[in-house]
Amino acid sequence: MINVQNNATIAPVPRRIPAGADHVKASLRPVVTYSGTQQNELLAALPRDVLESLFEHLELVTLPFGKELFECGGTMDYVYFPTTAIVSLLYVMEDGATTEIAVVGHEGVIGVSLFDGERAMCSAVTQAAGYGYRMKTQHLRAAFSQGGALPALLMRYNTALFAQMAQNAVGGRHSSIEQKLCRWLLDRLDRSPGNALKVTQEMISIMLGVRRESITAAAGKLQDEGLITYRRGNITVLDRSALEAYAGECYKVAKTEYDRLLVDVGRC
């Protein structure tokens, strides 16, 4: 007891022990729901019981524009399942030159690392801001080792992702600037809710590894032909079928294979 000046006594106030930092952090996380995870096609393809077994490890996160999820040569501590965000996989040369080798949106996953000590072969940067789910790589490895639908799903998706990379490699060598631009725009439309994209010509030139003046000329040509409109960093596609025809094999052949593989993913 504690004595006070009027000789009265009061009981000491017990100290309130704050909750641990991990507990507080966990309590502030958005609740992971079944309906929410359905926004990512890979998560949606999992049997419900398998998906719900991952809930305790999944975390809904904001992916702002320009956020680097991992860098080339670095560790991949988290696996990301985008829902509304679009992420570019980039290869950066020693002189700083950058080329996009693939793009991932609500159909895919980024950062799968199945071996301890594995290093990233490229960088991953958010290109369109949005949301996604992430989980620590160690938890994905543990789930993968149990077999079943998850390993089959991830391996099929990796095949689809390789098809996209092959498309980009072939297109980068044998396609015109206009075809490359059409394919690049179509890749974004496939992962966007509408037909409008917010992107600068400078960003496109960096992603495609070509001069900005070349993108300006190509975009102007497509606009003159009525395929797109472009003003102040906003591109609206007016005629998607014509854009696909213009892209030709640079987009269509690989897209057909990509769609087939994603259909197989949905059957896992």
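## Salt bridges

A salt bridge here is a side-chain nitrogen of Lys or Arg within 4 Å of a carboxyl oxygen of Asp or Glu. By that rule the count comes to 9 salt bridges. Keep in mind that this is a predicted model, where local features need pLDDT of at least 70, side-chain atom pairs count only at pLDDT 80 or more, and totals for chains, interfaces and linings use all residues. Residues are numbered from 1 along each chain as its sequence is written, and side-chain values use heavy atoms, with hydrogens and water left out.

Let's start with a local pair. Glutamate 52 bridges to arginine 48, with 2.8 Å between the closest N and O atoms. Both sit in helix α4 (residues 48–52), 4 residues apart, or about one turn of the helix. Helices (H or I, at least four residues) and strands (E, at least two) are DSSP runs, numbered from the N terminus. For exposure, buried means under 20% relative accessible area, exposed means over 50%, and partly exposed is in between (1.4 Å probe, protein chains only). Glutamate 52 is partly exposed at 36%, and arginine 48 is also partly exposed, at 46%.

## Bridges across the sequence

Glutamate 59 and arginine 134 meet in a salt bridge at 3.2 Å, N to O. Glutamate 59 belongs to strand β3 (residues 59–63) and arginine 134 to strand β9 (residues 130–136), 75 residues apart. Glutamate 59 is buried, with a relative accessible area of 14%, and arginine 134 counts as buried at 16%.

Aspartate 190 and arginine 240 also pair up, at 2.6 Å from N to O. Aspartate 190 lies in the loop between α7 and β10 (196–198) and arginine 240 in helix α10 (residues 240–247), so this bridge ties together parts 50 residues apart in sequence. Aspartate 190 is partly exposed at 23% relative accessible area, and arginine 240 is partly exposed at 29%. There's a network here too: Asp190, Arg240 and Glu244 are linked by salt bridges.

## Nonpolar cores

A nonpolar core is a set of buried Ala, Val, Leu, Ile, Met, Phe, Trp, Tyr and Cys residues joined through side-chain atoms within 4.5 Å. The largest one has 42 residues, and Leu46, Leu58, Phe81, Leu89, Val109 and Ile110 touch the most other members. Helix α6 (residues 149–174) supplies the largest share of this core, 8 residues.

Contact means heavy atoms within 4.5 Å. Leaving out residues up to four places away in sequence, leucine 46 touches Leu51, Leu54, Ala149, Leu150 and Leu153. A second, separate core of 25 residues includes Val125, Leu181, Ile215 and Ala247.

## Helices α7 and α8

How do the axes of α7 and α8 cross? Helix α7 (residues 177–189) and helix α8 (residues 201–208) have axes that come within 11 Å and cross at roughly 105 degrees. The two helices are therefore roughly perpendicular to each other; that label covers 65 to 115 degrees. Axes are lines fitted to C-alpha atoms, for helices over the stretch in contact, and angles run from 0 to 180 degrees between N-to-C directions.

On the α7 side the contact is made by Lys180, Leu181, Arg183 and Trp184, and on the α8 side by Ile204, Met207 and Leu208.

## Threonine 98

Threonine 98 lies in strand β7 (residues 98–104) and counts as buried at 18% relative accessibility. Threonine 98 and methionine 207 are 109 residues apart in sequence, but 6.6 Å apart in space, C-alpha to C-alpha. Setting aside residues up to four places away in sequence, threonine 98 touches Leu90, Tyr91, Val92, Ile206 and Gly209.

Methods. Angles under 35 degrees count as roughly parallel, over 145 as roughly antiparallel, 65 to 115 as roughly perpendicular and the rest as oblique.
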